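Please look over the sequence and the structure shown here before reading on.

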Amino acid sequence: MFRLNLNQFKEKTMSGVFLLSAFASIFFVLLICVFLFANGIPAMQKIGFFQFLFGKIWAPTDEPALYGIFPMILGSLYVTLGALVIGISVGILSAVYLARFCPVQLHKRLKPAVDLLAGIPSVVYGFFGLVVIVPFVRTYFGGSGASILAASFLLGMMILPTIISVSEAAIRAVPNSYYEGALALGATHERSVFFAVLPAAKSGITAAIVLGFGRAIGETMAVILVAGNQARMPNGILNGVRTLTANIVLEMGYATDLHREALIATGVVLFAFILIINLIFSVLKRRGHV
C-alpha cells in the first residue's frame, strides 16, 4: 500500500512538473507579445499606421523624421521567397533521396552532415556568404554582389537542414503499404515514391516549409553581411536591400524615444508575419488541405 501511494505521489508530482512546464512556455510567449504590442502599437499610432507600414522612406535622423518600413517589408519578403525557392526544391528532393533512395551506409554519413549544417552559427554562414557568395554574384551576375540574390542563396542554404530533416521524417512516417500498393499496380520505384508516398507526406512537408519560412524571415546576422543594408525600395535582385530584422539590429544600439519605439513596432510587424503564416497553416491543416 505504501509503495502504491508513493508511486501515485511520483506520478502526480511529475504530472504537475509537466503541466508547469507547459504553462511556463505559454507564459513566456504571452510575455513577449505583451512587451512587443505594449511598446510597438503606441509608436504606430504616433507615426500613423498606414504611414508606418506603407511609407517608402526610412529616415529617423532627418527633420522631420520619417518612419516608413515598406522597403524593409518588401526586402524581407523578396529575400525569404528567394530562399524558399532554393530551399524547398533542394530540400525536398534531398529528403526524398535520403528516405527512399539512399543506401544505408551512405545515409549514415549524409544525415550527420545535414544535421551539422543546422549547428553552424549564423555569423559563420554570413562570413561564408561575404567571402564566397557575394564575390560569385558580383563576378557572374554583376552589381556590387551584396544583393537580394546573394541573401537568397545564403538563406536557402541555411534553411536546408530544417526542410530536409522534417520532410524526411514525414516521408518515413508514411505507411509502407502506400509504396507497396503502387508497386502492385505496376508503378516504378520512382513513380511510387513521387505519386504515392510524397502526396501522403504533404502535411509534414508543409510543416517543414513553414518552419523554413520562419527561419528565413527571422534571420539577421547572416543577412546583414550579404544583403547590402540599403533602406530603399527594392528595384532588382542584384541590388541591395534591408530586411526588417537587419533594420532592428543596425539601429537599436543608438535609437532613442520614438526611433526606438518604431524599431520595436518593426518587431511587431515581423511577429505578425510569422503568426499569420502559422495560423494559415493551422487552418489549412484543420480543413484537410495539407
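Predicted model: local features only at pLDDT ≥ 70, side-chain atom pairs only at ≥ 80, totals over all residues.

In terms of contacts, ten residues of domain 1 touch ten residues of domain 2.

The domain assignment places domain 1 at residues 1-49 and domain 2 at residues 64-285, and the centres of the two domains, taken over C-alpha atoms, are separated by 29 Å. Across their interface the rule finds one salt bridge. Glu261 forms a salt bridge with Lys46, in which the closest N and O atoms are 3.2 Å apart.

## The chain as a whole

How many helices and strands does the chain have? There are twelve helices and two strands, and when the chain is read along the sequence they follow the pattern α-α-β-β-α-α-α-α-α-α-α-α-α-α. Taken along the principal axes, the C-alpha atoms of the chain fill a box of roughly 70 × 65 × 35 Å.

## Salt bridges

The structure holds five salt bridges. One of them joins the side chains of Lys111 and Asp115, with a distance of 3.1 Å from N to O.

Rolling a probe the size of a water molecule over the atoms shows where empty space is left. In this model the count comes to one cavity of 30 Å³ or more, and the largest cavity has a volume of about 50 Å³.

Which residues line the largest cavity? The lining is made up of Ser76, Val79, Thr80, Leu155, Ala216, Ile217, Glu219, Val223, Thr243, Leu244 and Thr245. Sorted by class, the lining has six nonpolar, four polar and one charged residues. Helix H3 (70-101), helix H9 (202-218) and helix H11 (244-252) each supply at least two residues of the lining, and the largest share, three residues, comes from H3.

## Backbone angles to look at

Most residues other than glycine have a negative phi, and most peptide bonds are trans.

The peptide bond that joins Glu63 and Pro64 is cis, with an omega of about 5 degrees. Pro64 is found in the loop between strand E1, at residues 58-59, and strand E2, at residues 66-67.

Asn229 is not a glycine, and yet it has a positive phi of about 55 degrees; the residue lies in the loop between helix H10 (221-226) and H11. Asp257, likewise a residue other than glycine, has a positive phi, with a value near 50 degrees, but its place is in helix H12, which covers residues 257-286.

Conventions: Residues numbered from 1 in each chain as written. Heavy atoms only, no water. 1 Å grid on protein atoms, 1.4 Å probe; cavity = no way out; pocket = protein on both sides within 12 Å on 5 of 7 lines; lining within 4 Å. Points joined across faces, edges and corners; volume = space filled by probe spheres on them. Helix = DSSP H or I, 4+ residues; strand = E, 2+ residues; numbered from the N terminus. Nonpolar A, V, L, I, M, F, W, Y, C, P; charged D, E, K, R; others polar. Domains from an automatic or database assignment. Contact = heavy atoms within 4.5 Å. Salt bridge = Lys/Arg side-chain N within 4 Å of Asp/Glu carboxyl O.
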